[in-house]
Amino acid sequence: MNTKNIISIETSCDDTSIAIISNGKVIDMCTLTSAQIQNTYGGVVPEVAAREHEKNIIPAFNTILKNHKLDLHDLDAVAYTACPGLRVSLNVGEAFATTLAKYLNKPLIKVNHIYGHIFSFLYDYDLKDLQYPFLSLIASGGHTSIFKVNSPTDIEVLNETQDDAVGEVFDKIARSLSLGYPGGPAIDKLYDPNKATITFLKNKHSYSDDKFSFSGYKTQVLNYINQQNMKSLSLDIPTICSSFQAEIVGMLTNKIKYYMDTLNIHNISIGGGVAANSLLQQEIKKLNAQNTYIPKTKMLCGDNAAMIAIYANLIYFNM
Ligand code: KG4
Ligand code: ZN
């Protein structure tokens, strides 16, 4: 059998990532992140991210070439993240992918980053076990949406945030508690169910088709932190983080539950950086769907080129 190979490039935010998929299996990936550098700025600065992509893209490509056993001319196509993302960062990946495809005289596949996140769990699952339609919650630093996925090319938006993305809220709360960037993993590490004792959330409206909205909630948590500081009261950081995480995860899972019930869809999935959250994974499993698709490999929740390769392979080779 002829091998079917696609190389993929992902540069939408602060990770420079290149992967190769061969006959439907991701065989290699190299990701170089600028998160430590972004940490010194307290968040992602687009120009800094783009400069790091320019520095890292050739080393990442060379690492992949060194590791895998394919000749460049065995590649059937070049895929890359075309949108959405930081424009200056996307441009670096686009220039690289376009040049490579031209040089090799191979097709160029433009991939929507969000569609990559939606199908990222396939890294650990067999495509033949996948059942449509499924509900997909994508929660990251830039997006919070729920989709109804009928097929790889028929994807309906059911809900999306009107303001902040949920990862952004994790990052801002963590920053106000001096926990560094990205904030999600730091808050997650401090989570203790016995310490989720503060109620920040006044109205629990998430079981409805109301659009996600996190900015008012974020302000309530930040106000609480500022007031404690102003009164020179000590901050009980694990209690704040545990309470916040419990409430925000509740908002996400209640919304998914609403769509499961009203649309009678019992296959669900999660993706995006926040999908790595331990409590979110736990609560999503508790919804007892017929099929629950969660990226088993944590690295597949965040930005990575493997998911871009997986989606490109689905639409190009249907495998
Ligand atoms: O998908 P991603 O890597 O990049 C974007 O496309 O935005 O998501 C990054 C976001 C950050 O906001 C980060 O704090 C959050 O995902 N994140 C988490 C966890 N790990 C990463 N949020 C909550 N819990 C985690 N364990
Ligand atoms: Zn992402």
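Predicted model: local features only at pLDDT ≥ 70, side-chain atom pairs only at ≥ 80, totals over all residues.

Reader: Let us start with the metal. Which residues coordinate the zinc ion (ligand 2)?

Author: The zinc ion (ligand 2) is held by His113 through NE2, His117 through NE2 and Asp303 through OD, at 2.1 to 2.2 Å.

Reader: How are those donor residues spaced in sequence?

Author: The spacing is H-x3-H-x185-D. The pair His117 and Asp303 links distant parts of the chain, 186 residues apart. His117 belongs to helix α4 (residues 113-118), whereas Asp303 sits in the loop between β10 (291-293) and α10 (305-316).

Reader: What angles do the donor atoms make there?

Author: The angles among the 4 donor atoms run from 90 to 152 degrees, and the site is irregular.

Reader: Now the helices, please. How is a packed pair described?

Author: Two packed helices are described by the angle between their axes and the distance between the axes.

Reader: At what angle do α2 and α3 cross?

Author: Helix α2 (residues 46-67) and helix α3 (residues 87-104) cross at roughly 30 degrees, and their axes come within 7 Å. The two helices α2 and α3 are therefore roughly parallel to each other. The crossing of α2 past α3 is right-handed.

Reader: Which residues of α2 and α3 meet?

Author: On the α2 side they include Ala49, His53, Ile57 and Phe61, and on the α3 side they include Val88, Val92, Phe96 and Leu100. By class, this contact of α2 with α3 has 10 nonpolar, 3 polar and 2 charged residues.

Reader: What about α5 and α7, at what angle do they cross?

Author: The axes of α5 and helix α7 (residues 215-230) cross at roughly 5 degrees and come within 10 Å. That makes α5 roughly parallel to α7. Val169, Lys172, Ile173 and Ser176 in α5 meet Lys218, Val221, Leu222 and Ile225 in α7. By class, the contact of α5 with α7 has 5 nonpolar, 1 polar and 2 charged residues.

Reader: Are α6 and α8 roughly parallel or roughly perpendicular?

Author: Helix α8 (residues 237-263) packs with α6 at an angle of about 105 degrees, with their axes 8 Å apart. The helices α6 and α8 are therefore roughly perpendicular to each other. In α6, Ile187, Asp188 and Leu190 take part, and their partners in α8 include Ile237, Cys241 and Phe244.

Reader: A change of topic: where is the cis peptide bond of Pro84?

Author: A cis peptide bond joins Cys83 and Pro84, with omega about -20 degrees. Pro84 lies in the loop between β4 (77-83) and α3. A cis peptide bond also joins Tyr181 and Pro182, with omega about -5 degrees. Pro182 is placed in the loop between α5 (166-176) and α6 (183-190).

Reader: One last point: what is the phi of Asn288?

Author: Asn288 has a positive phi of about 55 degrees, although Asn288 is not a glycine. Asn288 is found in the loop between α9 (278-286) and β10.

Terms used. Residues numbered from 1 in each chain as written. Chains lettered and ligands numbered in written order. Heavy atoms only, no water. Axes fitted to C-alpha atoms, helices over the stretch in contact; angles between N-to-C directions. Helix = DSSP H or I, 4+ residues; strand = E, 2+ residues; numbered from the N terminus. Parallel < 35°, antiparallel > 145°, perpendicular 65-115°, else oblique. Left-handed = near helix turned anticlockwise from the far one by under 90°. Contact = heavy atoms within 4.5 Å. Nonpolar A, V, L, I, M, F, W, Y, C, P; charged D, E, K, R; others polar. Donors = N, O, S within 2.8 Å, 3.2 Å for Na, K, Ca; no water. Tetrahedral: all angles 85-135°; square planar, octahedral: opposite > 155°, others 65-115°.
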